[in-house]
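Hello,

Here is the structure I promised to pass on to you.

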Amino acid sequence: MSTTTAPRICPLCEATCGLTLTISGTRVTGVRGDRDDIFSRGFICPKGASFGELDADPDRLRTPLVRENGTLREAGWDEAFDVVARRLPPLLAAHGPNAVGVVLGNPNVHTMAGALYPPLLLGALRTRNVFSASTVDQMPKHVSSGLLFGDPHAIPVPDLDRTAHLLMLGANPLESNGSLCTAPDFPGRLKALRKRGGTLTVVDPRRTRTARLADRHVAIRPGTDALLLAALAQVLFAEDLTDLGDLGPHVEGVEDVAAAVRDFTPEAVAEACDLEPDLIRVMARELAAAPSAAVYARVGGSTVAYGTLTNWLVDVLNVLTGNLDRPGGALFPLSATAPALRPAGPGRGFDLGRWASRVSGHPEAKGELPISVIAEEIDTPGEGRMRALISIAANPVLSAPDGDRLDRALADGLEFMVAIDPYLNETTRHADVVLPPPPPAQSAHFDFAFNNFAIRNQVRFSPAAVPLEEGLMSECEIHARLILAVTDQGLLRSGEAESPESPESPGRHASAVDAVDAVDAVDAADAVDALAIDRTLARAVTEPHSPAHGQDPAEFAARLTGGTSAERRLDLMLRLGPYELTLDQLLANPHGIDLGPLQPRLPRGLKTRSGRVELLPAPIAADLPRLRKALDGTPARLVLVGRRHLRSNNSWLHNIPALNRGTNTCTLQVHPDDAARLGLADGAPARIKGEGGELEAPVEVTDAIRRGVVSLPHGWGHDRPGTRMAVAAARPGVNVNQLLDGTRLDPLSGNAVLNGFPVEVSPVG
């Protein structure tokens, strides 16, 4: 049996490290870091090292499943898609497009197919019931960026390799490898920051591995980050420490912000945050005095009651200290597949609440509704009830609040459900049709999403490392055939369907309907991608700032290369991007192409209606009184926060033996003083009670967590019947989100409040 090696970008977290796979025949038998990778330089973590186990997991589905007489059985691909085509379009025709919901899970952004095809599906369906993992993770950052910069995808990232001062809140990149900040070897970069004389301050109620590395650990009371940041801004204004630098002419609303934060003095927030006022002043002065600095907040700053305000204040501080859009500060990456930058000037802006959820009236954000409302949209009777669900790489029964209610809704309230997923998990076990994608080594890979958050501009592409196994279907083909199966001629003609966040959605021209309907199943991806390419080029040739401006669309399309139609779409996006690259160039450089450090680019790229950074948008101003009320509130006696583990990524890596061994990671961490007060013993079970339910978990007594706080990791709870994940089921843990009833949401973003919520804890028995 021949043995070869192949470079591959790791798809298991946001760091996107380069791997070198050892392949024996068609099996991945070894994995190491790719020392020649232009971005990661050989760095690898335990998740990347487990790539081969994930690829060969015997519990991965290898054939579609179809429900018959209440039981899922194996079926052929044609039969599976025929079931979808037979059942879903009539349901939509009878009840309208909002009768179907689409839920997109975190793994979507880790595959080419997950990036390319869901926007086309949403554009064809025209449903407003769209949900994703963003509303249990990062939606507050998208909303604050949309309001500040006019673009919810314009997210500045800390310039880790050049900054002199990093203030980090609610983030633990030594465990998570970073989030909305794509940076291979995050630990090494933080150590390099300190080695060159820089300063690292970590704000976190837990003394995490990242906090232990820092110059200063600020053990704040959970959920009060926005108060701390507002106080830092107040000190900057009060002590005349603001200096916008070159960005000054492109910012409006500075004086409005000064007035808005005037009441948030260090003394005013000290009790709520449980921090000394003098420490807050020192932090503000250090931030202003640093030769370069960046403020960075992640999951802990988003999954709280003031998530959008927290993320807004992060960038307010970066602006006030002159560190936004400058080297060493917080800069906007420029991905190779991003649209060419528009000229400076007024844009369309960003709007919230264009529609609302049917039952609770939660406003949409970035075209999505809160994932917390899926259950009530299914199980609440009335006009417009959601009757069908398309789940793509999602497991909301574990990732969303009150999974028990959603579990019941999926079992009893849906008329039809289809899932694209490699596993029969806690959510997909309810599907009528399950369509399994192939193992990752059999798919090409490109990071459309994470290159938009990379700390250095670069581009890499991984062809499939091994051929597609006989009997499997490529992930792109699965998505394309699903699009064709769920859209009948009426939907395709329903008016240039295009979702708000999908600039590449193909036009639904009546002239193309017959061609799509008549296409052979084997050519589904070719047909769908051809429509996407045609629509994209039709627009690009009319845009003055596009590299295709004024060219003939057919001639431009004829130059595209790639072994598949999806790769031709990638080639198109590269050619239309800011560097005007081609897929052939990427193939000639298997370890990537370095495009250089991040560069200042404002005001180009701003899409606000004023064409400037709008520092105090109206929705933010309207939400600030809610934050002021927190100054006078009484803190809960005991609150819960989540935590990350290096060997885990949400709920979808718990079936890999190498990542699910050793000591129990699903423990309730408790401070020794709280353990003594509550009568808890290390290793003994404790009962945790919240608004949505109660759980039992073993206690881990540790002084690494502050008093008044307990911590339980998320993503666990693999104990429901009907799944096929043997390793995960053997060590199921408990689902922390079951402690919530789904009513605690950040009002601007709809993000679930998963951190800093009150609980009661007692010993079992």
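Why is α5 largely enclosed by the rest of the structure? Seven of the eight residues of α5 are buried, so the helix is largely enclosed by the rest of the structure; buried means under 20% relative accessible area, with exposed over 50% and partly exposed in between (1.4 Å probe, protein chains only). Those buried residues are Pro118, Leu120, Leu121, Leu122, Gly123, Ala124 and Leu125. Just after α5, Arg126 takes a positive phi of about 60°.

Some housekeeping before the rest. Please keep in mind that this is a predicted model, in which local features need pLDDT of at least 70 and side-chain atom pairs count only at pLDDT 80 or more, while totals for chains, interfaces and linings use all residues. Residues are numbered from 1 along each chain as its sequence is written, and side-chain values use heavy atoms, with hydrogens and water left out.

On the whole chain: the protein chain has 28 helices and 27 strands, taken as DSSP runs numbered from the N terminus (helices H or I, at least four residues; strands E, at least two). For 765 residues, a compact globule would have a radius of gyration near 27 Å, and the 25 Å of the protein chain agrees with that; the radius is taken over C-alpha atoms, and the globule rule is 2.2 Å times the number of residues to the power 0.38. The C-alpha trace spans about 70 × 65 × 60 Å along its principal axes. Of the 765 residues, 62% count as buried. Among contacts (heavy atoms within 4.5 Å) with a separation of 6 or more, 74% come from residues 24 or more positions apart.

Back to α5, which has a partner in α19. The axes of α5 (residues 118-125) and α19 (residues 475-486) come within 10 Å and cross at roughly 5°. Axes here are lines fitted to C-alpha atoms, for helices over the stretch in contact, and angles run from 0 to 180 degrees between N-to-C directions. The two helices are therefore roughly parallel to each other, a label for angles under 35 degrees. Pro118, Leu120, Leu121 and Leu125 in α5 meet His479, Leu482, Ile483 and Val486 in α19. Seven of the residues in this contact are nonpolar, one is polar and none is charged; Ala, Val, Leu, Ile, Met, Phe, Trp, Tyr, Cys and Pro count as nonpolar, Asp, Glu, Lys and Arg as charged, and the others, Gly among them, as polar.

The helix α19 also leads us to a sheet. It lies across β15, β16 and β17, running at about 160° to β16. These strands belong to an open sheet of seven, in the order β5-β4-β17-β16-β15-β6-β7, with mixed pairing; strands pair if DSSP finds at least two bridges between them. The edge strands, β5 (71-74) and β7 (130-132), each pair on one side only, and the twist averages 15° from one strand to the next.

Within the sheet, have a look at β16 (residues 416-420). Five of its five residues are buried, so β16 is largely enclosed by the rest of the structure. Phe416, Val418 and Ile420 cover one side, and Met417 and Ala419 the other. β15 (residues 388-392) pairs with β16 in the parallel sense over five bridges, with Leu389 opposite Met417. Three bridges join β16 to β17 (residues 433-435), and these two strands run parallel. In β17, Val434 is the bridge partner of Ala419, and Leu435 is that of Ile420.

Best wishes

Conventions:
Angles under 35 degrees count as roughly parallel, over 145 as roughly antiparallel, 65 to 115 as roughly perpendicular and the rest as oblique.
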